[in-house]
Amino acid sequence: MSFENLGLSSPILKAVKEKGYITPSPIQEKAIPLVLDRKDILASAQTGTGKTAGFTLPILQILSTTPNQGRRKIRSLILTPTRELAAQIYENIKEYSVYLDIKATVVFGGVNINPQISTLKNGIDILVATPGRLLDLHGQRALSLANVEILVLDEADRMLDMGFAKDIKRVLALVPERRQNLLFSATFSLEIKQLAAGILHNPEMVEASPENTTVEKIEQRVILADKNRKPSMLVKMIKEDNWDQVLVFTRTKHGANKLTEKLQKSDITSAAIHGNKSQGARTKALDDFKKNEIQVLVATDIAARGLDIPLLPHVVNYELPNVPEDYVHRIGRTGRAGASGEAVSFVCSEEYDFLRGIEKLLGQKFERETMLGYEPTEEESIAPSKAEHRRPNNNFRKPNPQSGGGRSPHSGGGSSTSDSKKPKRFFGKR
Ligand code: AMP
């Protein structure tokens with residue numbers, strides 16, 4: 001299957017080609033023809049599957065082939081839970097529409113509202129928005145949603161998790177009843193099903209499950225650890241394996257700050273990105289990370305949603321998420337759109353239940369490893385795997401009850417040899 005077979009016009013195909021996409025991802029293959037057919041869709045897809053192009057390309061096609069008469073009106077509204085995701089979708093739309101006469105903009109909270117009001121005044125076709133700021137702007141009469149033809153709810157599950165249910169209802173009351181609806185969600189809880197039932201008309205189901213997209217390209221590793229030794233383990237791993245670009249997840253904002261400080265003290269450039277950081281600080285941290293000016297970005301789950309970082313080579317779950325689906329989101333930051341990646345999880349005894357939850361969700365049991373010199377001292381409440389496999393990297397091995405005293409120097413030759421064996425990856429070209 002090629003993009004040419006999906007019914008997209010040549011200006012869009014040209015932009016897609018310039019973006020470097022060669023073949024459509026599974027979700028794009030399925031969703032694009034349905035959206036062009038003006039169907040409502042209920043899509044199960046998360047970041048990393050190429051879902052953004054799956055809905056933005058056909059929207060661009062529809063809007064550009066049935067142009068506005070007179071002044072531009074908002075004909076497509078894309079609602080997203082986070083600023084980062086909103087900004088990312090907007091960036092993609094700009095890139096995909098370079099050869100079209102389509103205007104898009106993005107609005108989100110945490111930044112001055114006035115420039116957003118001025119942009120909206122000039123007329124736009126596509127609005128990407130987070131719910132709160134959208135309603136603010138509507139309240140100030142800076143926009144009208146009376147002409148929306150296509151409504152997208154992206155990461156609907158996360159919007160509900162973040163408490164946007166009421167805001168979504170308010171928005172639904174502002175858009176015309178006759179419209180096309182596209183709902184994307186990584187998970188399908190009862191609430192999502194109820195939301196979908198209230199919005200979608202005879203939806204087509206589109207699935208891009210993690211099993212057949214990203215997850216299989218990701219090497220997932222579980223390293224058992226004592227909680228208090230995780231910081232040194234991370235430092236050792238980053239330094240000895242010469243990791244350049246590492247995204248590290250913590251469960252809390254405080255944990256993210258603390259770890260960032262520890263990394264900086266160990267001469268590893270890093271920045272934290274979480275809900276308490278200003279929009280400016282978050283954007284700067286992400287930019288610095290993308291430009292390779294900082295080595296490690298430490299993030300909480302919500303802050304990391306929607307970050308677009310192509311070809312991220314390493315993701316570390318410094319702490320496991322307590323919601324198993326968040327694990328899938330996190331590791332979706334690596335191995336994106338065809339590239340492979342590695343996701344390493346440090347698991348201490350109080351996280352075993354989380355680990356089991358993740359294994360259950362994925363239907364997969366992970367081999368447990370330990371790091372040489374950092375074997376956990378805390379009692380394990382799960383039996384380590386019996387397999388004899390040893391990792392090529394000498395720093396890691398499976399737990400061995402006889403190796404209790406086998407501490408070894410950190411800086412042994414093992415990791416430097418393993419380093420040269422590993423293909424080094426960098427951020428790909430956009
Ligand atoms: P998304 O799941 O929409 O966040 O997209 C994940 C990443 O894949 C983004 O960096 C996109 O630019 C990239 N991408 C989307 N579609 C394709 C494609 N067909 N081929 C290669 N990369 C793609």
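Modeller: Before we start, when I say contact or touching, I mean heavy atoms within 4.5 Å.

Colleague: Thanks! What kind of model is this, and which pLDDT do local features need?

Modeller: This is a predicted model in which local features need pLDDT of at least 70 and side-chain atom pairs count only at pLDDT 80 or more, while totals for chains, interfaces and linings use all residues. Residues are numbered from 1 along each chain as its sequence is written, and side-chain values use heavy atoms, with hydrogens and water left out.

Colleague: Great. How many helices and strands does the protein have?

Modeller: There are 16 helices and 15 strands. Both are DSSP runs numbered from the N terminus: H or I with at least four residues for helices, E with at least two for strands.

Colleague: And what percentage of the 430 residues count as buried?

Modeller: The buried share is 57%. Buried means under 20% relative accessible area, exposed means over 50%, and partly exposed is in between, with a 1.4 Å probe and protein chains only.

Colleague: Now the open sheet. What order do its 7 strands have?

Modeller: The order is S3-S4-S2-S5-S6-S1-S7, with parallel pairing. Two strands pair if DSSP finds at least two bridges between them. The edges are S3 (104–107) and S7 (204–207), each of which pairs on one side only. On average, neighbouring strands of this sheet are turned by 15° against each other, direction ignored.

Colleague: How many bridges hold S2 and S5 together?

Modeller: Strand S2 (residues 76–79) and strand S5 (residues 150–153) pair in the parallel sense over 4 bridges. Leucine 79 has leucine 153 in S5 as its bridge partner.

Colleague: Which strands does helix H2 touch?

Modeller: Helix H2 (residues 26–36) packs on the sheet against S1 (41–44), S6 (180–185) and S7, and its direction makes about 160° with that of S7. Axes are lines fitted to C-alpha atoms, for helices over the stretch in contact, and angles run from 0 to 180 degrees between N-to-C directions. Helix H5 (residues 114–121) lies across S3 and strand S4 (126–129), at about 155° to S3.

Colleague: At what angle do H2 and H3 cross?

Modeller: Roughly 25°, and the axes of H2 and helix H3 (residues 51–65) come within 8 Å. H2 and H3 are therefore roughly parallel to each other. For the wording, angles under 35 degrees are roughly parallel, over 145 roughly antiparallel, 65 to 115 roughly perpendicular and the rest oblique. On the H2 side the contact includes Ile27, Ala31 and Val35, while H3 contributes residues including Leu57, Pro58 and Ile62.

Colleague: What about H4 and H12, how far apart are their axes?

Modeller: Helix H4 (residues 83–96) and helix H12 (residues 279–290) have axes 11 Å apart and pack at about 55°. That pair is therefore oblique. Arg83, Glu84 and Gln88 in H4 meet Gln279, Arg282 and Lys290 in H12.

Colleague: Switching topic: where does valine 111 lie?

Modeller: Valine 111 is in the loop between S3 and H5. It is partly exposed, with a relative accessible area of 31%.

Colleague: Which residues does valine 111 touch?

Modeller: Leaving out residues up to four places away in sequence, valine 111 touches Gln116, Arg133 and Gln279. Valine 111 and glutamine 279 are 168 residues apart in sequence, yet 7.2 Å apart in space, C-alpha to C-alpha.

Colleague: Why is H10 described as largely enclosed?

Modeller: Because 9 of the 11 residues of helix H10 (residues 230–240) are buried. Among them are Met233, Leu234 and Ile238. Just after H10, asparagine 242 takes a positive phi of about 50°.

Colleague: Last one: which residues of S11 are buried on each side?

Modeller: In strand S11 (residues 296–299), Val296 and Val298 are buried on one side, and Leu297 and Ala299 on the other. Strand S9 (residues 246–249) runs parallel to S11, joined by 4 bridges, and valine 248 stands opposite valine 298. Strand S10 (residues 270–273) also runs parallel to S11, with 4 bridges, and there serine 270 stands opposite valine 296.
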